[in-house]
Amino acid sequence: MRRRSFIQSIAGLTVVSSFIASCHRQRVIGGSVIGASAHTGHLLRDKKFAAPVSTTDHAVVIVGGGISGLSAARHLHRQGIRDIVILDLEKEMGGNAACGKNDISAYPLGAHYVPIPNNDLTEYTDFMRECGVVTSDASAPLPAYNDYYICFDPEERLYINGQWQEGLIPQYGVPAADKAQIQQFLDKMQAFRVAKGQDGKDAFAIPLDNSSKDPLFVQLDSLTMKQWLQQQGLNSSYLQWYVNYCTRDDFGTPYDEISAWVGIHYFASRKGKGSNADHHDVLTWPEGNGWLAAHLKKELQPYFHNQALVTRILQENNTLAVDYFDVKESRLKRINAQQCILAVPQFVAARILQDETRMQRVHQHIQYAPWMVANIRTKELAERTGPSLSWDNVLYDSPSLGYVNATHQEIRQGIHTRNLTYYLPLTAHTPVEERKAALERTHTEWVKLIVDDLEKVHANITDAIEEVNVMLWGHAMAKPLPGMAHGTVRQELAASVNDRLHFAHTDLAGNSIFEEAFYQGLSAAKKVITHLSGNI
């Protein structure tokens, strides 16, 4: 028996509890609605600040403690640069990899897994080795992955045509003609996975900018994914649902809006291979990517300054004056820095730099997708027929992406409550309309929305839920619309300013995945090192 199979065989299947409002019982629902610090963040847009009350000097200031900012700080630290300050608005660093915890388990508040890394991503694989995710040394022909972190079986299930089926690709009750189209699509994605351009590069690579610039592939960025499917004669409603699910899942963007190049990238860019894992395997933890963020943060605690709202950055002589509002002290302070990395979304960067031209470019070319993530504490749930509770549980034709069992990787037995993490990209209307509606919706209304969706598959959910905590992400990720991946705007916005101010964020890739954030930070840190060295 393989070690991972043994681990799975002893793993207790546990479910999270959550609270809910019941129409027929009038139960009071526990939980709350939280979110990234939008109220404080809006001070940047709305408030005029007095002069700074204090000034300090540092070599490097990093604005933003998400994965890009943490990756940059970690590389600088490893290269012996220790005069660093990381300023972040939130109480905890981590950005979209935020997580929470209750007496059952940890759980994600955002991103919840990473795929097996592509084998050419050496710095990323080295980081995974430091974390204990990769257990083999660098000389091994293929990396070996820690079986505790490869998602246990059963990994995925889909509720379709009145029954749960194994896997997320529609199969149960699907007509033969539709199955043939689905296979045709998968064959095309496999061909794209191994394709190379005339420049010798992979057609679809990670980071995104490592991909081929061959016009044969680049032209796909001028279409939407739906248009490309139509061109290929792939009109099966089951296939189109699946593709739309995938683009909403990874990008918060429906398939009739997303660039076809980026949509295909989702399927064709994963090429990782391990001695005990393949590109379709995923790595996950109860707290999701918060587990990886915690490892990035390990050496960086002395540099953290949380609850700090950066209000502006000015170039003064040979330094950058970084003004920030200390939320805990309610005072404006200043840091004079030699180098600065803005590891924040571009709409925030434009406000900080008070750069109207940049802001116009951002508004013209970048939209940010809002999300709702709910953690549900629940007792045992009644099940429909088909495969049992899996790590990822998806409902066909639902506006949601279903839920992840946050306790799936727990090695325990006799667990009678679980944490389920429910994901809902808010895509029915424009991002602005969805953000406004999300902020106006009450906890009771969110709970009703979740229950109405999940009671299709769990008849006793109203009685089983004990608590629901709702996390709102107003600007979770940039939407990769046609023209973004291979247009010029990303490169224009990513260009350093006067060799002192550098940018690092996944919206500069149009692809909000962990590896992109990791390498955005790494690239910015290398620029800082180059220019610091030049000034010594």
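1. K456 is partly exposed, with a relative accessible area of 42% (buried means under 20% relative accessible area, exposed over 50%, partly exposed in between, with a 1.4 Å probe and protein chains only). The salt-bridge partner of K456 is D453, with the closest N and O atoms 3.3 Å apart; a salt bridge here is a side-chain nitrogen of Lys or Arg within 4 Å of a carboxyl oxygen of Asp or Glu. D453 counts as buried, at 4% relative accessibility.

2. A word on the basis of these notes: this is a predicted model, in which local features need pLDDT of at least 70 and side-chain atom pairs count only at pLDDT 80 or more, while totals for chains, interfaces and linings use all residues. Residues are numbered from 1 along each chain as its sequence is written, and side-chain values use heavy atoms, with hydrogens and water left out.

3. D453 also belongs to the buried set of helix α15, together with H443, W446, V447, I450, V451 and L454. These residues cover an arc of only 160° around the axis, which puts them on the same side of α15; the arc is that of the directions from the helix axis to the C-beta atoms. Helix α15 spans residues 443–454 and reaches 17 Å from its first C-alpha to its last, close to the 16 Å expected at 1.5 Å a residue. The expected span is 1.5 Å times one less than the number of residues, and helices (H or I, at least four residues) and strands (E, at least two) are DSSP runs numbered from the N terminus.

4. Which other salt bridges deserve a look? A search of the whole structure finds 25 of them. In one, E130 meets R74, with 2.9 Å between the closest N and O atoms. E130 lies in helix α5 (residues 122–131) and R74 in helix α4 (residues 67–78), so the pair ties together parts that are 56 residues apart in sequence. E130 is partly exposed at 47%, whereas R74 is buried at 12%. R74 and E130 also belong to a network of salt bridges with R78 and E299.

5. For contrast, take D278 and K273, whose side chains meet in a salt bridge at 3.7 Å, N to O. D278 counts as partly exposed at 22% relative accessibility, and K273 is partly exposed with 39%.

6. In α6, the buried residues are D178, Q181, I182, F185, M189, F192 and R193. They fall within an arc of 130° seen down the axis, so they line one face of the helix. On the other side, A176, A177 and V194 are exposed. The cover over the buried residues includes α7 (215–218), α8, α9 and α10. Leaving aside neighbours within four places in sequence, F185 is in contact (heavy atoms within 4.5 Å) with M225, W228, L229, L234, L239, V243 and F267.

7. The structure holds 22 aromatic pairs. Rings of Phe, Tyr and Trp (its six-membered ring) pair if their centres lie within 6.5 Å; planes under 30 degrees apart count as stacked, over 60 as edge-to-face and the rest as tilted. Y149 and W291 form a tilted pair, 4.9 Å centre to centre with 50° between the planes. This pair links distant parts of the chain, with Y149 in the loop between α5 and β7 and W291 in helix α11, 142 residues apart. Y149 is buried at 19%, and W291 is buried at 13%.

8. Finally, a loop to check: P302 is found between α11 (290–297) and β10 (304–305). P302 is exposed, with a relative accessible area of 69%.
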